Amino acid sequence: MGTARIHRALREAPGTSQIVEAAVTDFWKQYAGTVFPPLVIVIAALDEEAALPDVLEEIPPEISGVTCRVVVVDDGSSDRTAEVAAAKGALVCRLARNCGHGVALRTGYRLAREGGARYIATLDADGQWDPADLPAMVELLEKGQADFVIGSRQLGRTENTDRLRNFGVRFFSALISVLTGTRITDSSSGLRAMRAEVTERVRQTQPQYQTSELLIGAILQGFRIAEVPTVMRLRRAGKSKKGHNLLYGARYARVIIRTYIRERCARRRRSSG
Ligand SMILES: Nc1nc2c(ncn2[C@@H]2O[C@H](COP(=O)(O)OP(=O)(O)OP(=O)(O)O)[C@@H](O)[C@H]2O)c(=O)[nH]1
Ligand SMILES: [Mg+2]
């Protein structure tokens with residue numbers, strides 16, 4: 001298995017939008033006429049050929065009575081991620097080079113919306129988030145009790161024993177709770193289910209540190225947030241794409257502060273205009 005170069009900056013790399021446009025065009029050429037079900041699960045995957053097949057096996061065709069389909073966005077993998085995803089029945093969109101987890105997810109959100117999805121869920125390609133928790137999350141959307149539901153390892157538990165990482169999860173969730181006045185226990189969870197329009201209405205620019213940007217934007221736009229407990233498992237196979245914990249934490253903090261300021265200003269402009 002080769003290793004792709006990972007784009008970790010706080011801005012998109014030059015040429016990103018051209019790569020995305022080309023991938024989207026190819027996708028609709030390949031899947032012309034495909035009708036999407038109401039729920040689309042978007043999985044961004046970078047060199048995940050080892051872990052992804054089991055993840056796709058675990059996802060049922062119907063979740064809480066809502067039919068679903070998986071879109072895998074292959075973020076410039078150098079292994080057989082796209083092939084194993086297609087072999088398991090996922091719809092696959094391929095970015096020609098690594099653009100970042102955030103860009104890959106946004107590409108998936110766009111495809112889901114263009115295909116007419118009502119709800120979008122996300123989970124990771126490494127098996128850490130359990131699709132068994134999705135029914136409870138989708139039910140909240142279906143009943144109209146929430147617009148954005150997070151699977152929280154803080155309300156459940158995590159099998160990860162990295163104390164710094166676990167502290168970071170608690171710290172950043174507390175920071176977002178204080179800033180926004182909305183209690184959040186797991187702001188960086190990859191397990192989420194939301195109304196599709198949330199992904200369209202919330203401004204998103206982050207190539208990597210996308211969870212807090214989407215969440216803070218959603219809260220400040222008035223979308224209703226809910227959390228359900230989940231158990232975060234250990235990565236099934238393959239390697240973490242994250243890089244050093246401290247550097248990751250520092251960048252994550254910057255994104256929280258910047259997004260908060262930007263979205264507060266946007267909200268002020270909306271209410272005065
Ligand atoms: N970090 C990262 N992940 C990407 C990227 N593109 C796609 N992904 C996928 O995003 C998911 C999360 O990546 P991980 O490296 O497992 O990050 P994580 O789960 O937050 O961290 P770990 O607990 O260390 O595994 C995986 O499914 C990756 O394959 C990228 O450029 N960077
Ligand atoms: Mg992971």
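Helices α6 and α9 (residues 245-272) are roughly parallel to each other, a label used for angles under 35 degrees, with over 145 counting as roughly antiparallel, 65 to 115 as roughly perpendicular and the rest as oblique. The two pack at an angle of about 10 degrees, with their axes 11 Å apart. Axes here are lines fitted to C-alpha atoms, for helices over the stretch in contact, and angles run from 0 to 180 degrees between N-to-C directions. Helices (H or I, at least four residues) and strands (E, at least two) are DSSP runs, numbered from the N terminus. All of this comes from a predicted model, in which local features need pLDDT of at least 70 and side-chain atom pairs count only at pLDDT 80 or more, while totals for chains, interfaces and linings use all residues. Residues are numbered from 1 along each chain as its sequence is written, and chains are lettered from A and ligands numbered from 1 in the order in which they are written.

On the α6 side, Leu-164, Arg-165, Gly-168, Phe-172, Leu-175, Ile-176 and Leu-179 meet Asn-245, Gly-249, Tyr-252, Ile-256 and Tyr-260 of α9; contact means that the C-beta atoms of two residues, placed from the backbone, lie within 7 Å. Sorted by class, this contact holds eight nonpolar residues, three polar and one charged. For the classes, Ala, Val, Leu, Ile, Met, Phe, Trp, Tyr, Cys and Pro go down as nonpolar, Asp, Glu, Lys and Arg as charged, and the others, Gly among them, as polar.

Helix α6 (residues 163-180) also packs on α8 (residues 210-220), where the axes come within 11 Å and cross at roughly 25 degrees. That angle makes α6 roughly parallel to α8. The crossing is right-handed, the term for a near helix turned clockwise from the far one by less than a right angle, with anticlockwise giving left-handed. Phe-172, Ile-176 and Thr-180 of α6 make the contact with Ser-212, Leu-215, Ile-216, Ile-219 and Leu-220 of α8. Six of the residues in the contact of α6 with α8 are nonpolar, two are polar and none is charged.

Another helix pair is α1 (residues 16-30) and α4, whose axes come within 11 Å and cross at roughly 40 degrees. This puts α1 oblique to α4, and the crossing is right-handed. Thr-16, Val-20, Ala-23, Val-24 and Phe-27 of α1 meet Val-103, Thr-107, Arg-110 and Leu-111 of α4. The class tally for α1 with α4 is six nonpolar, two polar and one charged.

The shell takes in 20 residues, the closest being Leu-46, Asp-75, Ala-125, Ser-240 and Lys-241; a residue counts as near a molecule or strand if its C-beta atom, placed from the backbone, lies within 6 Å of it. Six shell residues are nonpolar, seven are polar and seven are charged.

Asp-75 comes up again among the contacts of Cys-99, which also touches His-7, Ala-13, Thr-16, Ile-19, Gly-76, Ala-104 and Pro-207, leaving out residues up to four places away in sequence. Cys-99 sits in the loop between β4 (91-95) and α4, and is buried, with 28 other C-beta atoms within 10 Å. Buried means 20 or more such atoms, exposed 12 or fewer, and partly exposed anything in between, with C-beta atoms placed from the backbone. The C-alpha atoms of Cys-99 and Ser-17 are 9.4 Å apart, although 82 residues lie along the chain from one to the other.

Gln-208, in the loop between α7 (196-201) and α8, is likewise buried, with 23 other C-beta atoms within 10 Å. Beyond four places in sequence, Gln-208 is in contact with Arg-8, Gly-100, His-101 and Gly-102.

Most residues other than glycine have a negative phi. Asp-47, in the loop between β1 and α2 (52-58), has a positive phi near 50 degrees and is buried, with 25 C-beta neighbours inside 10 Å. Ser-64, in the loop between β2 (62-63) and β3 (66-75), also has a positive phi near 50 degrees, but is partly exposed, with 18 other C-beta atoms within 10 Å.
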